[in-house]
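This report describes one protein chain, starting from a local feature and ending with the chain as a whole. The sequence and model are shown first.

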Amino acid sequence: MGCATHYVITDGTRYIGRNSDTKENIIVESFKKAVKLRFTQINAIYNKLAEDLQKDGEWKIINTIEVKTDLSDATIAIDVDEMMESLESDFDLLVKRKKVLELELLEIEREITDIYHAMEFYNLDAAKGYKIYKMMQERLIRRRQNKDETLKIDYILSGGIKGLTSKQTRKQFDALDNRHYTPRALKELFGV
């Protein structure tokens with residue numbers, strides 16, 4: 001079963017996107033923000049483009065595959081040695097950031113342990129109970145953010161350039177952003 005072909009409206013450098021608040025078509029600078037739809041849907045938008053947008057460029061409908069295989073950027077001269085240094089520096093920075101995150105995670109875990117013990121050993125009134133709940137929630141959220149950033153760094157480091165160019169690392173990032181928690185024991189807490 002094949003994927004449906006999608007199209008965009010472009011003037012060659014800019015694209016037609018959509019303002020999420022006003023639901024109006026707008027000009028966007030990146031392909032990522034462009035509206036991508038099947039031909040009949042994109043053609044309907046093209047035919048209804050506001051007059052001011054039509055005056056602001058020579059718009060045409062093209063297949064998203066054409067955009068993705070555009071090699072016009074590759075004609076620009078680049079300093080490969082400088083790019084290599086930048087990549088090395090970026091990867092080195094990721095390794096250092098991972099070490100910082102590991103130290104931060106240890107501190108967060110110690111704080112969570114202290115909160116657990118305070119909950120275990122003390123009877124708290126409603127106000128103090130709520131305060132300790134908020135303290136725990138804040139640390140759990142920080143721990144999740146820390147773990148997610150560490151995992152993303154691991155994806156980049158283990159995938160390397162091959163993972164980036166094959167889009168495998170991007171797929172791993174997307175999967176991480178779209179995951180859901182399934183309760184293990186207390187399903188009633190999650191309305192399951």
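Strands β2 and β3 form a hairpin with 6 residues between them, and K23 in the turn has a positive phi of about 65 degrees. Helices (H or I, at least four residues) and strands (E, at least two) are DSSP runs, numbered from the N terminus. The model is predicted, so local features need pLDDT of at least 70 and side-chain atom pairs count only at pLDDT 80 or more, while totals for chains, interfaces and linings use all residues. Residues are numbered from 1 along each chain as its sequence is written, and side-chain values use heavy atoms, with hydrogens and water left out.

**The hairpin**

Strand β2 covers residues 15–18 and is joined to β3 by 4 bridges, the two running antiparallel. Two strands pair if DSSP finds at least two bridges between them. Within this pairing, Y15 stands opposite V28 in β3. Most residues other than glycine have a negative phi. K23 counts as exposed because its relative accessibility is 51%; the classes are buried under 20% relative accessible area, exposed over 50%, and partly exposed in between (1.4 Å probe, protein chains only).

V28 belongs to strand β3, which spans residues 25–28. With 10% relative accessibility, V28 counts as buried. Leaving aside residues up to four places away in sequence, V28 touches R14, Y15, I16, G17, K33 and A34, where contact means heavy atoms within 4.5 Å. L106 is 78 residues from V28 along the chain, and their C-alpha atoms are separated by 43 Å.

A positive phi is also found at K167, which is not a glycine and has a value of about 70 degrees. K167 sits in the loop between α5 and α6, the latter being residues 168–177.

**Strand β4**

N63 is part of strand β4, residues 60–63. Its relative accessibility is 14%, so N63 counts as buried. Apart from residues up to four places away in sequence, N63 touches T5, H6 and Y7.

**Helices α4 and α5**

Helix α4 runs over residues 80–121 and contains D90. E111 is also placed in helix α4. Helix α5, residues 126–165, contains R139. Which residues does R139 touch, not counting residues up to four places away in sequence? They are I108, E111, I112 and I115. Under the same exclusion of residues up to four places away, E111 touches R139 and R142. R139 has 16% relative accessibility and therefore counts as buried. D90, at 40% relative accessibility, counts as partly exposed.

| Pair | Separation in sequence | C-alpha distance |
|---|---|---|
| V28 and L106 | 78 residues | 43 Å |
| D90 and E149 | 59 residues | 15 Å |
| E111 and G57 | 54 residues | 57 Å |

**The chain as a whole**

The chain has 6 helices and 4 strands. Their order along the sequence is β-β-β-α-α-β-α-α-α-α. The radius of gyration is 24 Å, well over the 16 Å that the globule rule gives for 192 residues, so the chain is more spread out than a compact globule. This radius is taken over C-alpha atoms, and the globule rule is 2.2 Å times the number of residues to the power 0.38. The C-alpha trace spans about 70 × 45 × 35 Å along its principal axes.

Of the 192 residues, 21% count as buried. Among contacts with a separation of 6 or more, 59% involve residues 24 or more positions apart. The accessible surface comes to about 14900 Å², and carbon and sulfur atoms hold 55% of it. These areas come from the Shrake-Rupley method with a 1.4 Å probe; for residues, only the protein chains shown count as cover.

The chain carries 32 positive and 33 negative side chains, with the centres of the two sets 7 Å apart. Lys and Arg count as positive and Asp and Glu as negative, while His and the chain ends are not counted. The place of a charge is taken as NZ of Lys, CZ of Arg, CG of Asp or CD of Glu.
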